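Have a look at the model first, and then we will go through it step by step.

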Amino acid sequence: MRSEDEAPESRHERLHTMERRGFLKTAGISAGLATLMGADSFRGIEAAVNDVSDLTPWQAARDEAFWSEVKQAFTVSRTLINLDNGYTCPQPRVVTEAVVRYIWEQEQGPYGSFVQKARDQVVTVKRSLARLIGSSPEEIAIVRNTTEALKTVLYGVPLGPGDEVLTTTHDYSSMVSALENRVKQEGIKLVQAPVPLPAQSMDDLEGIFERAITPKTRLILLSHITYTTGQVFPVRRICDLAHRHGIEVVVDGAHAVGQLDFNISDLDCDYYGTSLHKWLSAPKGTGLLYMKREHIEKIEPIYGVYTSRRFNARTSMRKYESVGTVSYAPYLAIGEAIAFHNAIGPKRKEERLRYLKNHWAERLGKHARINVYTPTASEMSCCIAGVGIEGIDPTGMRDYLWDEHQIRTSRGRYMGEDYSQQWVRITPNLYTTLSELDYFCEVMEDLANNGVPEPYASYRPDPRMLRR
Ligand SMILES: Cc1ncc(COP(=O)(O)O)c(C=O)c1O
């Protein structure tokens, strides 16, 4: 195919196109989506993936040369150490560039003409998203975050006085608040089963639901990965258990999509919500709601039923996307985030994230005064973990790490009246270096050996953080 007579520019273009096609094959995304993407951004990753293609994901997770290439794809500042990726994960450059590109396009002419085109493109993105999570495109809606996804379900499932909803003490407080509102307004009953800390086995975790189910339980809310300590729950087993009792299950997957490599259809849950701006590194303000087909008709959208000529307002997931005027740029750029994620390889990424957690957690876990609150068994955790030091208030620890060492963490919560279980949550990401984690470990060991200085030593537990 290649002709020696070609002008250098066109040879270059052809090479470029071939590389891009090669990448698309690796990434397994549709040609439709390809037209939405820039070509250059993945070249380094593609070459690096070739170098680790013979390795198992476990081996690739330990290949520093590969991850050093991946790190180059991010634009994060090295003037600080960000161990708070559980809040949101930074976008790789390719995603930021895409958002900017789409915004330029959006601002070129009448918004209506941009939206006409963008709606079709979002359908392509949605197909790609459905493939990523292993569902049908007809069972998902692109929403703004986990909060929107799950509150649609938690307020939408028909429940009456005395009906019980079962969740855990480690489920996200804002979801629990939604259920508490229904307790007040509709007389439902909310049961929060305590989570062992750390749990010894998946049997333990299934057991807490088995013991708490009653003949009145109608709905279970559980986290795929908890936001507190990063505990991974045996979702499939709990769904099977629930279904045997005729109970529906809604899964808070805020931290699972993009962190764990899994298919929603394998979980057999009834509802699933996630934030794509977390571990998928998609633009802020992007999320996903999944629902089994048979439930769509009965769950009303938060903003009420909407009639449309474009879709069936009773049975289409698109009813959950009708939230008024929004910017399509972040939604379109989900496509680039998926392509980036697929280019690295979801299983490779999961293993790397787990490896980063184990790198620091295994070292700190050996210290007599340091407690790691997350199990290390690979099926029970991935990237997120909680760590505490006896006698040091976690808010004081978090502020000390940030003020004195520019290490960003987030505060865990107190679990008992005696404040005996206290931690900060540590969430690295693909761009985190091992030396950054080593530095974090040194600071923590110093704190454990010598205590935290004033004013952090005078921090007292905040009763508002005390949870059931
Ligand atoms: C477990 C869990 N659920 C839900 C949410 C809410 O996510 P968002 O703010 O993206 O809606 C979070 C946020 O951190 C979370 O950790």
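This is a predicted model: local features need pLDDT of at least 70, side-chain atom pairs count only at pLDDT 80 or more; totals for chains, interfaces and linings use all residues.

## Around the ligand

Residues are numbered from 1 along each chain as its sequence is written, and side-chain values use heavy atoms, leaving out hydrogens and water.

| Residue and atom | Distance to a ligand oxygen atom |
|---|---|
| Thr-147, polar side-chain atom | 2.5 Å |
| Ser-275, side-chain N or O atom | 2.6 Å |

On its own, the ligand has 390 Å² of accessible area, and the protein covers 88% of this (Shrake-Rupley method with a 1.4 Å probe; for residues, only the protein chains shown count as cover). The residues around the ligand include Tyr-172, Asp-252 and His-277; a residue is near a molecule if one of its heavy atoms lies within 4 Å of it.

## A strand inside the protein

Is strand β6 buried or exposed? In β6 (residues 248–252), 5 of the 5 residues are buried, so this strand is largely enclosed by the rest of the structure. Buried means under 20% relative accessible area, exposed over 50%, and partly exposed in between (1.4 Å probe, protein chains only). Strands are DSSP runs (E, at least two residues) and helices are too (H or I, at least four), numbered from the N terminus. One side of β6 carries Glu-248, Val-250 and Asp-252, and the other carries Val-249 and Val-251. Strand β5 (residues 217–223) pairs with β6 in the parallel sense over 5 bridges, where pairing needs at least two DSSP bridges. Leu-219 has Glu-248 of β6 as its bridge partner.

## A loop residue and the whole chain

Ser-201 lies in the loop between β4 (189–193) and α10 (202–212). Its relative accessibility is 24%, so Ser-201 counts as partly exposed. The side chain of Ser-201 reaches the backbone nitrogen of Asp-204 at 3.1 Å.

Finally, the protein chain has 17 helices and 13 strands, and 57% of its 468 residues count as buried.

Notes
A polar contact is a pair of N or O atoms within 3.5 Å; within protein, one must be able to donate a hydrogen and the other to accept it, and residues adjacent in sequence count only if both atoms are side-chain atoms.
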